[in-house]
Amino acid sequence: MSDVRTETSTHLEQEVVDDVLALVHRATEPDGVEAVSEAFRLALASGRGGVSHTLAHAGPSPSADLLGYAALDPSGSAELVVDPPTRRRGVGRALLRVLLDAGATGVWAHGDLPAARALATSEGLVPTRELHVMERPVGEGDDVDPELPEGFSVRPFEPGRDEQAWLEVNRLAFASHPEQGSITLEDLTERMGQDWFDAAGFLLVEDTTATSDGGAHPLAAFHWTKREVGAQVGEVYVVGVHPAYQGRGLAGPLTGLGTAYLARQGVTTIELYVDGDNTRALATYRRAGFEDAAVHVVYGRPAAP
Ligand SMILES: CC(C)(COP(=O)(O)OP(=O)(O)OC[C@H]1O[C@@H](n2cnc3c(N)ncnc32)[C@H](O)[C@@H]1OP(=O)(O)O)[C@@H](O)C(=O)NCCC(=O)NCCS
């Protein structure tokens, strides 16, 4: 398509946001996977996070149909989607080139669909990261809390009291996964404001053998579960163990506490997302009965030899 026009900005009018969301929605059915992840969707709706948005239109008129959308965050992470009826006409390549020229270092291909793989490869990109989507059905007995190792107890997250302690453990637990580890109080508050947020399913595991100056037990680990209102699918949203408490048998029971909570909410399936290089987490989840349902791939430039 020779007359594709791209336009990039950091702020979109609500009307345009709605057009983009409608396009993403149209693509989800044929693709079988959503092209825009939660973090980018939140940035799209709030205009926050320094994300730049690129729109592809059919021609010079501002009212021309929206053909595709791409987003780039300041860390270099990017996503792009083309409206299904206009695929294979050069829109995806045009958007990908805008992203790469603007400094994108990793472009997400949710589901690693053949078209995404072919486009990325034809631009000289290679897979640089894999994100596994794992799931398992909820079975009999899954609603029973497992026992924690001696010296640990569990309680729900208390808004207004636990934010700083959680941010610190999250930062330390995900030091090598910056996307999760760099979450700020603002990001946490934004998530706590979502419909699905349920403090009762945000479980904190404390070391009851120690007490800080303020009299609190140190936070050793957490399991934050997520369930969209009324959904049959629940999610192991984020699980983290403070590095000082790793290797003490917390991972298995910690996973089980969250899945038991979700089971008691009546979900029939539990899913989770885990990085392909996080071998310990992958092993924990496989032991807990989770299997790969999909793999998302990030494409980037090959490392210099
Ligand atoms: C991947 C996607 C963005 C491609 O958009 P597009 O506008 O159809 O892509 P283009 O027309 O610019 O295609 C560029 C090249 O990609 C490859 N390609 C794209 N779709 C393909 C397909 N279905 N089969 C094989 N190759 C394909 C081809 O090499 C093509 O070049 P060619 O047409 O000259 O042979 C689109 O399919 C999409 O939105 N998919 C869902 C979201 C997604 O996966 N995003 C991640 C992108 S890395």
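A crossing of two helices is called right-handed if the near helix is turned clockwise from the far one by less than a right angle, and left-handed if it is turned anticlockwise. With that in hand, welcome to this predicted model.

**Two helix pairs**

Two packed helices are described by the angle between their axes and the distance between the axes. Here is how the two pairs look in those terms.

| Helix pair | Angle between axes | Axis distance |
|---|---|---|
| Helix 3 and helix 4 | about 55° | 11 Å |
| Helix 5 and helix 7 | roughly 115° | within 10 Å |

Let us start with helix 3 and helix 4, which pack at an angle of about 55°. Because of that angle, helix 3 counts as oblique to helix 4. Their crossing is right-handed. On the helix 3 side, the contact is made by Gly92, Arg93 and Leu96, and helix 4 brings Leu119, Ala120 and Ser122. Sorted by class, the residues of this contact are three nonpolar, two polar and one charged.

Next come helix 5, residues 163-173, and helix 7, residues 185-192, whose axes cross at roughly 115°. That angle makes helix 5 roughly perpendicular to helix 7. Helix 5 also passes helix 7 in a right-handed crossing. Where do they touch? Glu163, Gln164, Trp166 and Leu167 of helix 5 meet Leu185, Leu188 and Met192 of helix 7. This contact has five nonpolar residues, along with one polar and one charged.

**The second largest pocket**

Rolling a probe the size of a water molecule over the atoms shows where empty space is left. In this model, the second largest pocket holds about 690 Å³ of space. Its lining has 26 residues, and those that lie nearest the centre are Leu80, Gly92, Ala115, Ala116 and Leu119.

Which elements supply at least two residues each to this lining? They are strand 4 (77-82), helix 3 (91-101), strand 5 (106-109) and helix 4 (114-122). Helix 4 gives the most, with six residues. By class, the lining divides into 17 nonpolar, four polar and five charged residues.

Definitions and conventions:
Residues are numbered from 1 along each chain as its sequence is written. This is a predicted model: local features need pLDDT of at least 70, side-chain atom pairs count only at pLDDT 80 or more; totals for chains, interfaces and linings use all residues. Side-chain values use heavy atoms; hydrogens and water are left out. On a 1 Å grid over the protein atoms alone, a cavity is a set of points where a 1.4 Å probe fits but cannot get out, and a pocket is an open set with protein on both sides within 12 Å along at least five of seven lines; lining residues have an atom within 4 Å of a point. Grid points are joined across faces, edges and corners, and a volume is the space filled by probe spheres set on the points. Helices (H or I, at least four residues) and strands (E, at least two) are DSSP runs, numbered from the N terminus. Ala, Val, Leu, Ile, Met, Phe, Trp, Tyr, Cys and Pro count as nonpolar, Asp, Glu, Lys and Arg as charged, and the others, Gly among them, as polar. Axes are lines fitted to C-alpha atoms, for helices over the stretch in contact, and angles run from 0 to 180 degrees between N-to-C directions. Angles under 35 degrees count as roughly parallel, over 145 as roughly antiparallel, 65 to 115 as roughly perpendicular and the rest as oblique. Contact means heavy atoms within 4.5 Å.
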